[in-house]
Every structure is written in C-alpha cells, then in structure tokens.
Amino acid sequence: MKNSELQLILYILKDNPIALKKLYCLMYLAQREYLSTYGKILFDDFFVLSDDFLKPYRLKHLLKDGSKHFKIINDTIHGLTEPDMDYIAIKEAEIADKYVYYCNEKSLEELRFEAKDFAVVKAINRCNQDPDLVRITDVDMAKAGGGQSDLIKHIVDKKLTMFALGDDD
C-alpha cells in the first residue's frame, strides 16, 4: 500500500470509525467515481469478490497482518494516527468527504445494492466460469460510473503501456 492511500484511509477514518464492510463499499464507490471522472485511481488497490461481496485486496491483507495505523474493534475500524494532508490532493479529499457523508447515511445493505453495478456483476459472471477471475477491473469500474468513451480509452491505453513496461501490478 502506498503512503498516499494509507493517508487517504486515515483521512476517511479521522473522527469517523466505520464498519469494515462499509469502508470497503465506501472505497469502491469513491474509486468508481474518481475513475469515471478523472481516469485515475483514488486508491492504489484493486477490488476482488469475496464471500461478503467485495474487498480492496491490499487493504484486506494489511488489516489482516495488523497495523500501527488501524485498530479493529467489533468489526469497526478506527484510525490510530492522524493523516498527513501533504499526501492527499484536494479532489481526493472532496471525493472522500462526499462518500464518508454518503456512507454514514446509508445502511450496509443499501451500499451493497448500489455497489452491485455493471463491473461487479461482470466480475461475478467471470468468477462463476473461472474462480481465479475475482478481480473487478478499473475499466469496468469506470464504465459503471458513467465514464465517457475517451476517458475509458485513456485508461485502457495507460494500462496497456504499463503492461508493456512491465509494471503490471
């Protein structure tokens, strides 16, 4: 996990402990909007299907291994350190604030319903055919968020360039 992503998650959790599954939905919805608006990822993470619905892959492993930055009590995650705002762009903070407010007003079931979009359904269908294909792609997320075709093409071209350069993480 990159430091900017860690700081953004700490920003989300600042004075706002949140149920872990709601955090996953918040991250997904915010990532989808950021991708479909700016063609960039908000979190340097990718989402995978799980028994519970979806999870950010790297964050899930970070939390599993423990961290000095987070504490989980009764399935609620608390931030233990203050975010370093030097790592968070203004637009990133705006999207995070929007979804913190939005997710606090919604139940987990409402958030799951909203997050079950084109990208998630497509991943579910792929996974039903091959369980190794649990990853929800950035391109599908941008499409699900209503990204314009030129923005989708930009994301695809950027990914192809990254793969060609050997940076396929």
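Biologist: How many bridges join S2 to strand S6 (residues 135-136), and which way do the two run?

Modeller: Two bridges join S2 to S6, and the two strands run antiparallel. Two strands count as paired if DSSP finds at least two bridges between them. Strands (E, at least two residues) and helices (H or I, at least four) are DSSP runs, numbered from the N terminus. Before we go on: this is a predicted model, in which local features need pLDDT of at least 70 and side-chain atom pairs count only at pLDDT 80 or more, while totals for chains, interfaces and linings use all residues. Residues are numbered from 1 along each chain as its sequence is written, and side-chain values use heavy atoms, with hydrogens and water left out.

Biologist: Which residue of S6 does Val48 stand opposite?

Modeller: Val48 stands opposite Arg135 in S6. Val48 also has a bridge partner in S3, namely Lys55.

Biologist: What joins strand S2 (residues 47-50) to strand S3 (residues 53-56)?

Modeller: Four bridges, with the strands antiparallel. Ser50 is opposite Phe53 of S3, and S2 and S3 make a hairpin with two residues between them.

Biologist: In what order do the strands of this open sheet stand?

Modeller: The order is S3-S2-S6, and the pairing is antiparallel. S3 and S6 are the edge strands, each pairing on one side only. Helix H2 packs on this sheet and touches S2, S3 and S6, and its direction makes about 80 degrees with that of S3. Contact here means heavy atoms within 4.5 Å.

Biologist: What is the order of the open sheet that contains S1?

Modeller: That sheet has three strands in the order S1-S5-S4, with antiparallel pairing. Strand S1 (18-19) and strand S4 (70-73) each have a single partner strand, so one side of each is left without a neighbour in the sheet. As for side chains, in a regular strand they alternate between the two faces of the sheet.

Biologist: Which residue in S5 is the bridge partner of Ile18?

Modeller: The partner of Ile18 is Ile77. Ala19 stands opposite Thr76 in S5. Two bridges in total join S1 to strand S5 (residues 76-79), and these strands are antiparallel.

Biologist: How many bridges join S4 to S5?

Modeller: Four, and the strands run antiparallel. S4 and S5 form a hairpin with two residues between them, and Asn74 in the turn has a positive phi of about 50 degrees.

Biologist: Now the helices. How is a packed pair described?

Modeller: Two packed helices are described by the angle between their axes and the distance between the axes. Axes are lines fitted to C-alpha atoms, for helices over the stretch in contact, and angles run from 0 to 180 degrees between N-to-C directions. For helix H2 (residues 20-38) and helix H5 (residues 108-115), the axes come within 10 Å and cross at roughly 35 degrees. The crossing of H2 past H5 is left-handed; that word applies if the near helix is turned anticlockwise from the far one by less than a right angle, and right-handed applies if clockwise.

Biologist: Which residues make the contact?

Modeller: On H2 they include Cys25, Tyr28 and Leu29, and on H5 they include Leu108 and Leu111. By class, the contact of H2 with H5 has six nonpolar, no polar and five charged residues. Ala, Val, Leu, Ile, Met, Phe, Trp, Tyr, Cys and Pro count as nonpolar, Asp, Glu, Lys and Arg as charged, and the others, Gly among them, as polar.

Biologist: At what angle do H2 and helix H4 (residues 90-105) cross?

Modeller: They cross at roughly 135 degrees, with axes that come within 9 Å. H2 and H4 are therefore oblique to each other; angles under 35 degrees count as roughly parallel, over 145 as roughly antiparallel, 65 to 115 as roughly perpendicular and the rest as oblique. H2 passes H4 in a right-handed crossing. Among the residues that meet are Leu26, Leu29 and Ala30 in H2 and Ile95, Tyr99 and Val100 in H4. The contact divides into 10 nonpolar, one polar and five charged residues.
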